[in-house]
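Please keep the sequence and the structure in view while reading.

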Amino acid sequence: MKNLSFLFIFGISFFPLLCFSFDPETPTDRRVLVLLDDFSLKSSHSIFFNSLKSRGFDLDFKLADDPTLSLRRYGQYLYDALILFSPSTERFGGSLDLAAVLDFVDSGHDLIVAVDASASDLIKNIATECGVDFDEDSSAMVIDHKSYAISGTEGDHTLIASDDFIQSDVILGKTKIKAPVIFKGIAHSVNAANNLVLKVLSASPSAYSANPKSELSSPPLLTGSAISLVSVVQARNNARIMIAGSLDLFSNRLLRTAVQKAGSPDKYEKSGNEQFVTEISKWVFHERGHLKAVNLKHNKVGETDEPAIYRIKDDLKFSVKIYEWSGKSWETYVADDVQVQFYMMSPYVLKTLSTDGKGLYHASFKVPDVYGVFQFKVDYLRLGYTSLSLSKQIPVRPFRHNEYERFITTAFPYYGASFTTMAGFFIFSILYLYNK
Amino acid sequence: MSAPEASSAAVPTLTTNNTLRNAFGGVLSFFILLLIGVLAFSIRLFSVIKYESVIHEFDPYFNYRVTQFLTKNGIYEFWNWFDDRTWYPLGRVIGGTVYPGLTLTAGTIWWLLNSLNIPLSVETVCVFTAPIFSAFASWATYLLTKEVKGAGAGLTAAVLLAMVPSYISRSVAGSYDNEAVAIFALIFTFYLYIKTLNTGSLFYATLNSIAYFYMVCSWGGYTFIINLIPMHVLLCIVTGRYSSRLYIAYAPLVVLGTLLAALVPVVGFNAVMTSEHFASFLVFIIIHVVALVYYIKGILSPKMFKVAVTLVVSVGLAVCCAVIAVLIALVASSPTKGWSGRSLSLLDPTYASKYIPIIASVSEHQPPTWPSYFMDINVLAFLVPAGIIACFLPLSDASSFVVLYIVTSVYFSGVMVRLMLVLAPAACITSGIALSQAFDVFTRSIKFQLPGVSSKTEVDAGETSSATKEAQNDAVKTEKAEETSKDRPSRKSKKKEREHVEKPSTKTKAEKKRLLALPLEASVISLLLLVFLGAFYVVHCVWAAAEAYSAPSIVLTSHSHDGLHVFDDFREAYAWLRHNTDVDDKVASWWDYGYQTTAMANRTVIVDNNTWNNTHIATVGTAMSSPEKAAWEIFHSLDVKYVLVVFGGLVGYPSDDINKFLWMVRIGGGVFPHIKEPDYLRDGQYRIDSQATPTMLNCLMYKLSYYRFVETDGKGFDRVRRTEIGKKYFKLTHFEEVFTTHHWMVRIYKLKPQKNRIRGKTKKSKSKTSSKSSGTRKKNPWL
């Protein structure tokens with residue numbers, strides 16, 4: 001019986017884990033499905049895969065047209081993340097299709113998509129659904145006659161050396177990537193209005209997207225820095241997606257090659273690819289930049305319990321704890337730009353939270369002189385970090401009938417007037433009635 | 001004026017006989033009143049018997065919820081209640097914005113019963129409050145009419161009021177609204193005013209103020225009292241009927257009444273600040289001036305008085321002009337001229353429809369149609385003129401009040417159908433007077449003609465012989481009236497005599513008898529006809545109570561060839577909301593359903609029937625009239641999770657949201673000008689068929705109402721509008737249907753959450769890719 005109840009409690013406490021994509025307590029992915037066009041990729045991209053394995057990921061390699069493919073069984077997802085290294089697949093095997101992949105993402109799982117010049121419509125559609133548009137011309141590649149990587153075959157300017165990284169320590173790690181990243185693949189663009197997608201690696205202003213084997217008949221549609229080589233998407237449910245226009249970017253060949261950017265005297269023994277793909281995969285698999293906010297608390301100054309309702313002009317204290325996931329454990333997150341709003345249709349109070357350096361953020365303020373149903377809102381959106389948006393509803397009531405001032409100083413003349421009138425009337429009545 | 005009390009003293013030989021008759025009459029009228037009370041109570045129980053013991057309509061649900069809160073939390077919590085479950089996110093200070101009279105009354109009844117160990121639920125008490133108070137109201141009518149024209153008229157008026165359909169419509173069991181107790185308070189206040197006016201007693205004047213206080217607590221209609229009584233006072237002064245009794249009846253009412261009214265939180269300083277109360281203060285000043293003039297007239301010689309008058313009038317006029325000019329300037333500086341919108345629309349019936357669509361949109365604020373007079377007061381409409389004439393024979397202070405009351409209430413009922421309720425008591429009183437006078441004339445004639453009872457008539461005549469002309473005229477009433485009115489306090493008799501002296505009799509008894517005597521046959525036939533009239537009235541009232549006014553409107557029934565159909569969709573929907581949504585979820589609907597949603601589903605609403613914030617309602621109206629995406633954004637900004645629409649197209653329920661939709665457009669457009677009414681009309685016609693405008697066919701209300709409607713019969717035939725709908729096949733992109741009731745009368749939609757991903761560009765080369773992937777691609781609505 002005791003055992004049973006223990007099991008029950010155990011089950012209950014783990015129930016949320018089963019519902020969510022990643023364990024909220026350990027957000028890093030563990031089980032990764034890798035879909036390949038053929039198994040030779042396993043060896044040609046082994047450095048990248050080995051780096052994942054060494055970080056503790058459980059990689060499951062399958063062919064993209066494997067008829068037993070399935071992401072979920074009995075309503076549970078079998079994997080935490082998906083790597084699509086199968087650019088030319090027209091149809092997935094098994095129960096996997098476009099909708100299944102998107103549902104996988106929409107339920108909070110991560111995705112890495114890499115394509116090359118042979119990208120199929122299926123893969124392109126996945127990218128489009130995530131907000132990334134590959135070049136419509138299926139034979140086009142990114143060509144750059146200025147910042148190409150100098151290699152053996154002269155005149156092949158599709159091998160691009162790019163060092164136009166996104167400025168974010170969260171996404172690309174604290175160590176600066178010195179060597180340029182070599183890229184050979186197709187171009188994509190992102191909608192500037194789409195605030196979920198980020199260009200991590202952009203092409204140089206002189207790049208364009210065209211078929212390298214034929215002459216340009218018309219001006220290319222995608223040119224310059226509008227071309228994104230590698231983009232990441234953080235969906236609203238904090239699922240992370242990486243889309244790379246080049247599968248070779250991850251290959252051992254480009255990871256190990258020496259690189260010299262055309263027109264630049266610097267020659268590097270090793271390209272920046274290895275550092276780039278490692279760091280960005282850490283971000284995609286939630287080893288970095290994952291925040292959580294817990295212990296949202298508020299109370300009146302001088303009290304400890306959370307009230308069900310505030311009165312106007314109450315002084316209150318608000319606090320919240322924010323932690324960052326380091327890949328292994330929750331570390332305190334320190335920032336000076338976390339703000340709290342006291343919100344009713346518009347923020348009545350907007351205050352920057354001060355931190356004690358141990359993850360506790362707090363602020364005290366006075367409830368505005370407006371009653372209504374307010375919300376404590378913390379909307380923390382920073383580049384690379386998961387978006388934190390907490391809100392907690394709290395009504396604010398006006399004064400009770402006995403909470404107003406009993407005597408108002410400015411009204412003393414009126415009090416005096418009424419009492420003298422009463423006294424006067426009383427005396428007058430006595431005199432009038434009894435004094436003949 | 002009342003009965004010929006003086007007669008009994010004048011004819012001492014008949015005293016014993018009269019005492020007996022008085023006692024008999026007293027007991028008889030007591031039992032008659034008791035039966036009237038039972039009648040008033042039981043005629044209102046049709047709704048409970050035909051349906052169930054349930055709260056009706058919209059506002060009663062709010063009152064019920066407030067009463068529950070009161071009984072649970074006590075009066076102080078009620079007073080300070082800030083309700084965060086309505087008008088989200090503004091909230092509403094219930095304690096300060098509600099007329100507490102009804103709630104406190106029902107709460108007190110419940111508390112009393114519970115302390116007597118009668119465990120009734122709050123709902124039961126609320127359901128039966130209105131019938132109980134209708135009994136009180138008929139007794140108050142008896143008292144008032146008795147004060148005016150004697151007990152016979154009183155009983156007749158009471159029995160008429162007990163079953164007047166207009167009043168039944170607002171006070172059937174379950175109709176737990178302010179009017180239920182307010183009509184009693186109104187009549188009782190009038191009674192005490194007349195009583196004070198007749199007796200000149202300060203005791204009654206104080207009671208009158210307290211009754212007025214109760215009225216202020218109960219209903220916003222108290223402004224009718226505080227304007228009608230000053231009007232009457234002014235009328236008395238102008239017609240030279242000023243007396244100290246009038247002063248006593250009026251001055252304490254204004255002073256005490258205003259002080260007491262200011263204690264009610266919802267009135268507060270309005271009792272002295274708004275124009276509705278202005279007339280009472282003006283008349284208060286005038287009555288003092290008049291009192292002063294009478295006083296001075298008493299102590300000065302006539303010549304001196306004339307000099308004083310010219311002096312005072314010239315100075316007084318100048319001062320008055322100055323004061324009035326200042327007042328007008330003050331009043332004119334406020335945009336609404338110091339009047340609230342509802343009152344302004346009373347004075348200028350077109351005001352609301354021109355400027356305040358939110359007032360005009362309520363059906364009970366519309367002017368009534370002619371048939372509704374016959375429906376609501378029936379034969380009383382014919383009897384009222386006769387009653388008015390009877391009030392002029394002779395005109396006394398009290399009867400002039402009744403005339404004034406009926407005239408003003410007829411006007412107000414013509415402005416707003418809801419105020420038919422104020423007309424009903426006045427009509428009952430005048431009709432009661434008319435009927436009893438007529439009966440009296442006819443029975444007296446019969447008695448006079450029939451030889452067998454002529455001796456008795458002689459006795460009657462003898463009784464009245466010493467009375468003055470006024471008393472003789474007053475004697476035109478049923479015997480019961482005479483009997484009960486004998487036991488008047490002598491003080492009053494004295495006062496009467498004093499009045500009588502002023503109007504000496506001119507006609508002799510014989511002359512008058514001849515005048516009143518009608519031919520026997522005519523009397524009998526007229527009596528029969530009157531009885532028929534009464535019978536017709538009773539039949540009509542019972543029919544109205546049983547058929548027309550007992551529907552609770554949350555449960556609907558319809559009879560068809562295959563039997564009775566019950567439409568319980570509203571409660572089905574509210575129960576669904578209560579059981580399937582989170583407790584803090586917000587439900588948006590048109591404001592009509594706000595009270596019901598908070599009371600029955602216990603969910604937070606955006607707007608409700610207390611239409612205090614026009615902008616908020618306009619926001620919801622705008623959302624309903626906008627296309628889906630704009631509407632989604634508006635609702636999302638208000639944290640709305642569910643949208644509820646009422647749709648009658650499947651079963652033919654005419655008061656659904658599509659029929660109310662133009663008001664949403666108007667109210668929304670009044671605040672947000674991008675919503676334009678003509679966009680929704682085709683050539684000025686409101687239609688939802690294929691001729692409807694694209695704006696109409698794409699607005700949220702249309703979509704939510706007719707989503708999947710075509711699946712019901714394959715054609716999409718709307719049985720309310722009697723047409724096929726214009727746009728039959730469409731998908732919702734930002735809303736999803738979560739619940740539709742059995743008869744489709746209530747449909748609940750959920751706002752879809754914001755899309756998880758933002759899509760890239762739409763596929764430009766559809767032709768290239770569609771063949772391969774269109775089958776597998778999920779339609780993504782979010783772009």
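Which residues does B:Ala261 touch, not counting residues up to four places away in sequence? In this predicted model, B:Ala261 touches B:Tyr212, B:Phe213, B:Val216, B:Val267, B:Gly268 and B:Ala271.

- B:Ala261 belongs to helix H13 of chain B, which covers residues 244–263.
- With a relative accessible area of 1%, B:Ala261 is buried, because buried means under 20% relative accessible area.

**Domains of chain B**

- Chain B is divided into domain 1, residues 187–338, and domain 2, residues 565–751.
- The centres of domain 1 and domain 2 of chain B, taken over C-alpha atoms, are separated by 49 Å.

**Helix packing in chain B**

- Two packed helices are described by the angle between their axes and the distance between the axes.
- For helix H4 (residues 59–79) and helix H6 (residues 101–115) of chain B, the axes come within 9 Å and cross at roughly 75 degrees.
- H4(B) and H6(B) are therefore roughly perpendicular to each other.
- On the side of H4(B), the contact involves B:Asn63, B:Val66, B:Thr67, B:Leu70, B:Thr71, B:Ile75 and B:Phe78.
- These residues meet B:Leu102, B:Thr103, B:Leu104, B:Ala106, B:Gly107 and B:Trp110 in H6(B).
- The residues of the contact of H4(B) with H6(B) comprise 8 nonpolar, 5 polar and no charged.

**An open sheet in chain A**

- In chain A, 5 strands form an open sheet with mixed pairing, in the order S20-S28-S27-S23-S24.
- Strand S20 (310–311) and strand S24 (346–352) of chain A stand at the edges, each with a single partner strand, so one side of each has no neighbour in the sheet.
- Within this sheet order, S27 and S23 are listed next to each other; strand S23 (residues 339–344) and strand S27 (residues 372–380) of chain A pair in the antiparallel sense over 3 bridges.
- A:Tyr343 has A:Gln375 in S27(A) as its bridge partner.

**Strand S15 of chain A and its partners**

- Strand S15 of chain A, residues 228–234, is mostly covered, as 7 of its 7 residues are buried.
- S15(A) runs antiparallel to strand S13 (residues 197–202) of chain A, and 5 bridges join the two.
- In that pairing, A:Ser202 stands opposite A:Ser228 in S15(A).
- S15(A) also pairs with strand S16 (residues 240–244) of chain A in the antiparallel sense, over 5 bridges.
- Here A:Gln234 stands opposite A:Arg240 in S16(A).
- S15(A) and S16(A) form a hairpin with 5 residues between them, and A:Asn238 in the turn has a positive phi of about 70 degrees.

**An open sheet in chain B**

- Chain B has an open sheet of 5 strands in the order S6-S5-S7-S13-S12, with mixed pairing.
- Its edge strands are strand S6 (604–605) and strand S12 (735–740) of chain B, each of which pairs on one side only.
- Strand S7 (residues 640–646) and strand S13 (residues 746–751) of chain B run antiparallel and are joined by 5 bridges.
- B:Val643 stands opposite B:Tyr749 in S13(B).

**Backbone geometry**

- Most residues other than glycine have a negative phi, and most peptide bonds are trans.
- A:Asn295, which is not a glycine, has a positive phi of about 55 degrees.
- A:Asn295 is found in strand S19 (residues 290–300) of chain A and is partly exposed, with a relative accessible area of 45%.
- B:Arg722 has a positive phi near 55 degrees and is exposed, with a relative accessible area of 66%.
- B:Arg722 lies in the loop between strand S10 (717–718) and strand S11 (723–724) of chain B.
- The peptide bond from B:Tyr88 to B:Pro89 is cis, with omega near -5 degrees; B:Pro89 is in the loop between strand S1 (82–83) and strand S2 (92–93) of chain B.
- B:Leu393 and B:Pro394 are joined by a cis peptide bond with omega about -5 degrees; B:Pro394 is in the loop between helix H21 (380–391) and helix H22 (397–415) of chain B.

Key: Residues are numbered from 1 along each chain as its sequence is written. Chains are lettered from A and ligands numbered from 1 in the order in which they are written. This is a predicted model: local features need pLDDT of at least 70, side-chain atom pairs count only at pLDDT 80 or more; totals for chains, interfaces and linings use all residues. Side-chain values use heavy atoms; hydrogens and water are left out. Domain bounds come from an automatic or database domain assignment. Two strands pair if DSSP finds at least two bridges between them. Helices (H or I, at least four residues) and strands (E, at least two) are DSSP runs, numbered from the N terminus. Buried means under 20% relative accessible area, exposed over 50%, partly exposed in between (1.4 Å probe, protein chains only). Axes are lines fitted to C-alpha atoms, for helices over the stretch in contact, and angles run from 0 to 180 degrees between N-to-C directions. Angles under 35 degrees count as roughly parallel, over 145 as roughly antiparallel, 65 to 115 as roughly perpendicular and the rest as oblique. Contact means heavy atoms within 4.5 Å. Ala, Val, Leu, Ile, Met, Phe, Trp, Tyr, Cys and Pro count as nonpolar, Asp, Glu, Lys and Arg as charged, and the others, Gly among them, as polar.
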